[in-house]
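Please open the model in your viewer and keep a selection panel at hand. The stops below proceed from one selection to the next.

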Amino acid sequence: MKQLTHYDIENNQQEFPITIVCDAIRTPENIGMCFRISESFGVSKIYLHESSPTIDNRTVKKTARNTIQQIPYDTYGNFEQLIHQLKEEGNTIIGIEITDKSINISDYDFTSHSKIVLLLGSERNGIENVNLVDATVDIPMYGRNSSMNVIHSLAITLYETTNQLKNFITSKVE
């Protein structure tokens with residue numbers, strides 16, 4: 001067995017109809033990792049709140065590596081206005097949040113939507129207005145802790161979402 005280097009690996013590059021909205025994420029490391037993980041999973045666009053650390057932040061740049069140049073992003077100031085705009089553009093808004101209506105992520109059918117927004121709330125307060133989302137998904141956990149880092153949640157959700165979409169797209173082509 002030989003461990004491969006970055007030069008040995010060629011990914012199947014694919015873009016998915018997924019947008020990420022970071023609702024008041026304040027930690028530079030989380031913003032940087034959002035770019036890095038989103039690029040890895042073929043996300044189309046990222047929205048950052050205007051009070052979030054900017055892409056010029058040294059820690060954001062270091063954590064994101066070069067993915068800031070590889071994925072489109074924009075900033076917003078008014079959460080409700082952005083969510084309404086994204087809905088008007090045909091997106092389904094899915095919050096990654098524990099609510100009394102959350103669906104286990106593996107039971108949620110991401111393939112039933114043509115355009116998806118994954119909404120991340122702040123680690124301290126969650127999603128600003130959870131009543132604006134179309135659905136919420138949660139990740140089953142088996143330890144004592146009831147939550148995880150927002151970027152870990154994003155990574156797990158993107159894995160499940162793109163896995164379903166990839167399989168769905170492949171089966172439609174065949």
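A residue is called buried when its relative accessible area is under 20%, exposed when it is over 50%, and partly exposed in between, with a 1.4 Å probe and protein chains only. The model is predicted, and local features need pLDDT of at least 70, side-chain atom pairs count only at pLDDT 80 or more, and totals for chains, interfaces and linings use all residues. Residues are numbered from 1 along each chain as its sequence is written, and side-chain values use heavy atoms, with hydrogens and water left out.

**Stop 1: Leu86**

Select Leu86, which is placed in helix H3. Helices (H or I, at least four residues) and strands (E, at least two) are DSSP runs, numbered from the N terminus. With a relative accessibility of 2%, Leu86 counts as buried. Display its contacts next, where contact means heavy atoms within 4.5 Å. Apart from neighbours within four places in sequence, Leu86 is in contact with Val21, Tyr47, Asn91, Ile93 and Val117.

**Stop 2: the salt bridge**

A salt bridge is a side-chain nitrogen of Lys or Arg within 4 Å of a carboxyl oxygen of Asp or Glu. How many salt bridges does the structure hold? It holds 1. Select Lys87 and Asp134, whose side chains meet in a salt bridge at 3.5 Å, N to O. Lys87 belongs to helix H3 (residues 79–88) and Asp134 to the loop between strand E6 (116–120) and strand E7 (135–138), so the pair ties together parts that are 47 residues apart in sequence. Lys87 is partly exposed, with a relative accessible area of 30%; Asp134 is also partly exposed, with a value of 43%.

**Stop 3: the annotated span**

Colour residues 18–159, which an unreviewed UniProt entry lists as "domain: tRNA/rRNA methyltransferase SpoU type". UniProt positions are given in the numbering used here, feature names are shortened, and annotations may be inferred rather than shown by experiment. The span is 28% helix and 21% strand, and its end C-alpha atoms lie 12 Å apart.

**Stop 4**

Move to Asp23, in the loop between strand E1 (18–22) and helix H1 (28–40). For charges, Lys and Arg count as positive and Asp and Glu as negative, while His and the chain ends are not counted. Asp23 is buried yet has no salt bridge, and Arg26, the nearest side chain of opposite charge, is 6.9 Å away. Beyond neighbours within four places in sequence, the contacts of Asp23 include Tyr76, Phe79, Leu119, Leu120 and Glu128.

Ala24 is found in the loop between E1 and H1 as well. Its phi is near 60 degrees, a positive value in a residue other than glycine. Ala24 is buried, with a relative accessible area of 17%. For a further positive phi, select Arg65, which is not a glycine and has a value of about 60 degrees. Arg65 is placed in the loop between helix H2 (58–64) and strand E3 (73–76).

**Stop 5**

Within helix H1, select Ser38. What is its relative accessible area? The value is 0%, and Ser38 is buried. Not counting residues up to four places away in sequence, Ser38 touches Ile20, Val43, Ile46, Ile71, Leu154 and Leu158.

Glu160 is found in helix H4. Glu160 is buried yet has no salt bridge; Lys166, the nearest side chain of opposite charge, is 11 Å away. Residues up to four places away in sequence aside, Glu160 touches Ile105, Ser106 and Phe110.

**Stop 6: Asp100 and Lys101**

Select Asp100, in the loop between strand E4 (92–96) and strand E5 (103–104). At 73% relative accessibility, Asp100 counts as exposed. Lys101 lies in the loop between E4 and E5 too, and is exposed at 65% relative accessibility.
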